[in-house]
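Hello,

Here is the structure you asked me to pass on. My notes on the interface and the ligand site follow below it.

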Amino acid sequence: MTAAVAKVYRWEIVKLLAQKRTYLGLGTAMAVPLIFVVVLLLQSGGPNDVPLGRYIRDTGLATPFVVLFFMSIWGFPLITALVAGDIVASESQNGTLKTILTRSRNRGEIFAGKVLASITYTLVIVFAMGLVGAVAGSIAWGFHPLTSLSGTQVSAAHGVALLAGSLALYVLPLAGIAAFAVLLSTVTRNSAAAVVGALMWALLMQLLGVLPGTEAIRPYLLGTQFEAWHGFLRIPADWSPVIRALWVCALYIALPLASAYVVFLRRDVAGD
Amino acid sequence: MSDALPISTTALVKRYGDIVAVDGVDLTVERGDVFGYLGPNGAGKTTLLRILLGLIRPTSGSAKLFGRDPLVDGARALDGVAGFVEGPRFYSYLSGRKNLELLADYDGDGARSRIDGVLEIVELRDRAKDRVGGYSHGMRQRLGIAASLLRQPRLLLLDEPTTGLDPAGMRDMRDLVRRLAGEGITILLSSHLLNEVEDLCNRVAIIRKGSIVYDGPLQELLATAATGYRLRATDSERARLVLLSQQGIDGVALEEGQLRFTADEEAVARAAIALGQARIGITALIPETASLEELFLRLTGGESSDHDREAIVA
Ligand SMILES: Nc1ncnc2c1ncn2[C@@H]1O[C@H](COP(=O)(O)OP(=O)(O)O)[C@@H](O)[C@H]1O
Ligand SMILES: [Mg+2]
């Protein structure tokens, strides 16, 4: 990252920190695991049919994993798109794009700063959810060893490492949605359209994964990569979904970003 | 490079579908000029400035600032150049000072150390810590100038900087422009207000539907324009014959003991001498001057190419 991009990135973060929608998304990401824990404390049933759901009351470490599952359909994609879909379009709409494009930074540097800020936000919301979920779950049910998907137990410390790895892997498909949102944000110049469009894209990816007859393409759908962390939770670890997630997500991130970059570099900034 | 013209465009064209917003503009702005780019609404002023600032791509032709083309050189073409098109826009949720800090960081080059100074110049120091969302139109306009000055420009591009300001705000803005011009900054000022350009600019280009229809000093426009005259002389009939024999005097007519004709200033001067030499006394020579306003309206077709016509000579 060049010094110029670092400066732009820093100011993108300052701008995000000054905007309500940032906190709306972050607050939601942190509230969901809390609500989840409170609801489970108030009732006796549990999410037995989701990965690790049966062990939800055995250790607080299981909480963030289960919430990851529930938020992958539209929760996290929506929160991600809320910021990434806005990041170029809001400046088109407010006219500030022309303000920053008439200074000494090239368009490429400004674009890079915006992309990095969007991905940073994605990272922050996922880890914030993980932290709140693990802490709230541990207060409710204790900080105990975690039962893996293979049925063997791992120590709580090992469980924390698995959680960190899983959260990091989970950020990748979300970054794919962020990249698509940035593309729509650049092309449509309309924040609402970009947010809704990116959410539709995420839902389409999920839908394709459950339709009959899509088995052949399923491993390469973006939605499927939200489950790649299951590989970490097997003892010994199953690396194949992890490795596939790495390159599949790289494509889902790179292609929209490359298109958005070309559009951003060339587009007229006038009257919008 | 250092002696390159602040602005030079050649055969610049920008089309939007059927609309030709900028239509073959060849513009040269010299160092030290305060250049008025004058035309009614929709004439293509903002579009030209957008091209100069690298915000939009021309359909054809080229634009250069100090010899650099924004299409080729990107942000480097704006070295020593600052300005804004339409209203300057800022982050409404950040303070005026924070906005300037952001832009100063985008500029680098020690711009941060100039923030207090430019706030002082535009008289916004007291309000700098308030969010821009609460600023009046005039304050935003001034913040726009401050943001431009951060770049220590040698060339300033201002797009209708007084539009929407109240009379006091207009006067302040014009004073500011005069002061900056006095410091040697070359200025391109677009405007739909003739009196503003007359007041501030040493040169003017008059724009109609994207094309330049006049380029030069305003006073020259007045001088070269053929205007009507009324003449009373000691002997009207002989005076008529003298006028008819003069080059550059047209439409000579004798009505109720009074001669009417059209001519430019030079021809009138020659005619006066000729009358004197013919020993005809001139008792009255009255120019029926087309005012600058009339000339401007004549040149620009008398109406704006889009809706609000009332604004042309406000
Ligand atoms: N982005 C655009 N898309 C389509 N038409 C445009 C665009 N920008 C300007 N125009 C048209 O180009 C012409 C010139 O506009 P503009 O440069 O804004 O004029 P001015 O600044 O002199 O009022 C107008 O007819 C306007 O409608
Ligand atoms: Mg305009």
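How many salt bridges are there between chain A and chain B? The count is three. Please keep in mind that this is a predicted model. In one of the salt bridges, the side chain of A:Asp268 meets that of B:Lys14, with 2.6 Å from N to O. Polar contacts across the interface of chain A and chain B come to 20 residue pairs.

On the side of chain A that touches chain B, the elements giving two or more residues are α1 (3-17), α5 (89-94), α6 (96-101) and α7 (107-141) of chain A. α1(A) gives the most, with six residues. By class, that side of chain A has twelve charged, ten polar and eight nonpolar residues.

In total, 30 residues from chain A and 32 residues from chain B take part in the contact. The area buried between the two chains is about 2800 Å², and carbon and sulfur atoms give 54% of it. In chain A, the residues that lose the most area to chain B are A:Trp11, A:Lys98 and A:Arg103, together 28% of what that side buries.

Now the ligand. The residues around ligand 1 belong to chain B and include B:Tyr16, B:Pro40 and B:Lys45. The shell divides into five nonpolar, five polar and one charged. α1(B) gives the most to this shell, with three residues. Oxygen atoms of ligand 1 lie 2.7 Å from a backbone N or O atom of B:Gly42, 2.9 Å from one of B:Gly44, and 2.5 Å from a polar side-chain atom of B:Thr47. On its own, ligand 1 has 550 Å² of accessible area, of which the protein covers 70%.

Regards

Methods:
Residues numbered from 1 in each chain as written. Chains lettered and ligands numbered in written order. Predicted model: local features only at pLDDT ≥ 70, side-chain atom pairs only at ≥ 80, totals over all residues. Heavy atoms only, no water. Contact = heavy atoms within 4.5 Å. Buried area = accessible area lost by both parts, 1.4 Å probe. Salt bridge = Lys/Arg side-chain N within 4 Å of Asp/Glu carboxyl O. Polar contact = N/O pair within 3.5 Å; in protein donor to acceptor, adjacent residues only side chain to side chain. Helix = DSSP H or I, 4+ residues; strand = E, 2+ residues; numbered from the N terminus. Nonpolar A, V, L, I, M, F, W, Y, C, P; charged D, E, K, R; others polar. Near = heavy atom within 4 Å. Areas by Shrake-Rupley, 256 points an atom, 1.4 Å probe, with all protein chains shown as cover.
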